[in-house]
Amino acid sequence: MSLTDYGVLARSPVRRPATDRSGMPICPECGKPVDGTRGTHVLNVPESADSEFPDLPAQIRVFGFVCDLHVTRVVLPLATDAAASNLPDGWVGIRLRFADELARYAPVLQRELPAAADGDGGGSS
Ligand SMILES: [Zn+2]
């Protein structure tokens, strides 16, 4: 008898994108150019460092880059702020714990976040 890892997700390494001499985004671990991966990517088991959203879904989509040249795909969120002001409506910045233990804002889809405790009155599921 053995326990399987069925349903268990490996946490995605989260890193800040680096840039090469010409300013192109590259993977900070291997140096691969990642500009072609710019878009929406799934982040597995995000580690929240945000007091407003301490509990995040097991998978959440972030905007940024990825590098596939690793055992576990490295996710490189675009640098942003709390309002994700460098992204279109629908994105918001939340603080995630990155692989270097620092907390930084990462752009996530607002609709995927747990309902905020604002309480707009009624409509509980
Ligand atoms: Zn890489």
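In this predicted model, the largest nonpolar core comprises 22 residues, and those with the most contacts inside it are V62, V66, V75, L76 and V108. Strand 4, strand 5, strand 6 and strand 7 each contribute at least two residues to this core. Strand 4 provides the largest share, six residues.

| Strand | Residues |
|---|---|
| Strand 4 | 59-67 |
| Strand 5 | 74-77 |
| Strand 6 | 91-97 |
| Strand 7 | 103-109 |

V75, one of the core residues with the most contacts, illustrates how separate parts of the chain meet. When its neighbours within four places in sequence are set aside, V75 is in contact with S12, P13, V14, H41, L43, V62, G64 and V66. Among these partners, V62 and V66 are also listed with the most contacts inside the core.

Strand 6 is largely enclosed by the rest of the structure, because five of its seven residues are buried. Strand 6 pairs with strand 7 in the antiparallel sense, over seven bridges. Within this pairing, V92 stands opposite V108 of strand 7. The two strands form a hairpin with five residues between them, where E101 adopts a positive phi near 75°.

A115 counts as exposed because it has 10 C-beta neighbours inside 10 Å, and the cut-off for an exposed residue is 12 or fewer. Although A115 and F53 are 62 residues apart in sequence, their C-alpha atoms are 9.1 Å apart in space.

Note on methods
Residues numbered from 1 in each chain as written. Predicted model: local features only at pLDDT ≥ 70, side-chain atom pairs only at ≥ 80, totals over all residues. Helix = DSSP H or I, 4+ residues; strand = E, 2+ residues; numbered from the N terminus. Buried ≥ 20, exposed ≤ 12 C-beta atoms within 10 Å, placed from the backbone. Pairing = 2+ DSSP bridges. Core = buried A, V, L, I, M, F, W, Y, C linked by C-beta atoms within 7 Å. Contact = placed C-beta atoms within 7 Å.
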